[in-house]
Amino acid sequence: MIKRIKGTQDIYFEEMKYWHYVENAIREVTRLYAFQEVRTPIFEATELFKRSVGESTDVVQKEMYTFEDKGGRSITLRPEGTASVARAFVENGFVNLGAPIKLYYVGPMFRYERPQAGRLRQFHQIGVETLGSSHPTADYEVIEFAMNLLKKLKIDDAKLYINTVGCTKCRPKYKEALKDYYADKIDGLCTDCKRRYNSNVMRLLDCKIDEGVAANAPSIHTYLCDECSNHFNELQKLLSANDIDYEIDPKLVRGLDYYTKTAFEIRAESLGSQNQILGGGRYDGLVEYVGGKSVPAVGFAAGIERIIMVLKSMGIKPETEEIASIAVLPMLENAFTLAFEYARRLRRKNISVFVDVMDRNLRNRMKHASRIGAKIALIIGEEEIEKGLVTVKILETGAQFKVDGDFMANFIEEKLIEL
Ligand SMILES: [Zn+2]
Ligand SMILES: [Zn+2]
């Protein structure tokens, strides 16, 4: 038997309800906030991710699915969504459409991670990006959107953490200060920290192994330029004025040059140590990095599998989805024409219908009707065909009615309201 690839999963039946629950909430909240969907290819030129995600990151160095296609091009399955959105923004000239451009995406991402960490190699993310505004209100709106999405999902133990990572003017001095601080401690730190000391020194702050050393590191807040400092203060004012609780976490960092100013995370207290549900921030340098003009931007991404884990750990169950309200059961070979006709009539009334296309007896047909959650069975046998009647059976009570075929659809519509 051919099995699925390690680190991937089939999603179906009961599990699918969680996905629909999350996806429906995403569609609803993005509509309310006027974000428009963008769908980009799941593979791109490798260069795009090297430039945008960053050569020095774990993602690019160790985790990308990169291959050469038959034309000799280096192709990579997207490890995240923002780079593609920035590329699409530049390539399709969104910059001429007026600012801001508010986009969202939902889809699979691919990273070659160690499966024992409980991580999937194909996972799914939702992300939103506001492009074209440098104003802190854009940061605020993206955060408010994120909080409301979680509220819509009934995740009520979500907590917001914010920080700033400065900009290309003020950050270099801070990085120097960090290097000075870590210079005589680096020998005692983990291998990741040793590697990042030169390539990405700010990431030393969020190392889980060396938390103790990071605790006394200098804070970026004493190095911020006026612009970054004002931006951060304005964001905090907006959050307070709109009653969104937050905590400043000076260890919340993004290491790459195109990240600027705001960084934020939402964590679920119920998840324990790996409790981040959602992360985002401002990336004013990215569009220029992928070859466009300088366009300020802010956004976030969240893992859908992670959100579903939170839902389960909180005991939140999506509502049961019936597969079909009505099961139409043709008992004879020549009952099928009528069965499909009745099914069409019901569907025109927006009622979901399952027509039993199997060859089996009534008992087994009824059994399957229950299995798919049907409320009513419509039985069409010899007598029904001859007299133009149809047997309507309410599955929960067992009550049966003989109904004229012409009135069947109205009768069922009324019965469904009662049930
Ligand atoms: Zn600055
Ligand atoms: Zn470390």
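This is a predicted model: local features need pLDDT of at least 70, side-chain atom pairs count only at pLDDT 80 or more; totals for chains, interfaces and linings use all residues.
Cys-190 and Asp-210 are both buried.

**The zinc site**

The zinc ion (ligand 2) has four donors: Cys-190 (SG), Cys-193 (SG), Cys-207 (SG) and Asp-210 (OD). They coordinate the zinc ion at 2.0 to 2.3 Å. Angles among the four donor atoms run from 102 to 114°, and the site is tetrahedral. Along the chain, the donors of the zinc ion (ligand 2) follow the spacing C-x2-C-x13-C-x2-D. Cys-190 sits in the loop between helix H6 (171–183) and helix H7 (191–199). Asp-210 sits in the loop between H7 and helix H8 (211–215). The pair therefore ties together parts that are 20 residues apart in sequence.

**Salt bridges**

The structure holds 34 salt bridges. Three of them are set out here.

| Pair | Closest N to O distance |
|---|---|
| Lys-169 and Glu-227 | 3.0 Å |

Take the strand pair. Lys-159 lies in strand S7 (residues 158–164) and Glu-247 in strand S8 (residues 246–248), so the bridge ties together parts 88 residues apart in sequence. Lys-159 is partly exposed, at 26% relative accessibility. Glu-247 is also partly exposed, at 37%.

Next comes Glu-227, in helix H9 (residues 226–241). Glu-227 forms a salt bridge with Lys-169, which lies in the loop between S7 and H6. These two residues are 58 apart, and the pair links distant parts of the chain. Lys-169 is exposed, with a relative accessible area of 54%. Glu-227 counts as partly exposed, at 42% relative accessibility.

Lys-261 has 7% relative accessibility. The limit for buried is under 20%, so Lys-261 counts as buried.

A further group of charged residues is joined by shared partners. Salt bridges connect Asp-58, Asp-192, Arg-195 and Arg-196 into one network.

How values were computed: Residues are numbered from 1 along each chain as its sequence is written. Chains are lettered from A and ligands numbered from 1 in the order in which they are written. Side-chain values use heavy atoms; hydrogens and water are left out. Donors are N, O and S atoms within 2.8 Å of the metal (3.2 Å for Na, K and Ca); water is not among the atoms, so sites may look incomplete. Four donors count as tetrahedral if all angles lie between 85 and 135 degrees; four count as square planar and six as octahedral if opposite donors are over 155 degrees apart and all others between 65 and 115; anything else is irregular. Helices (H or I, at least four residues) and strands (E, at least two) are DSSP runs, numbered from the N terminus. Buried means under 20% relative accessible area, exposed over 50%, partly exposed in between (1.4 Å probe, protein chains only). A salt bridge is a side-chain nitrogen of Lys or Arg within 4 Å of a carboxyl oxygen of Asp or Glu.
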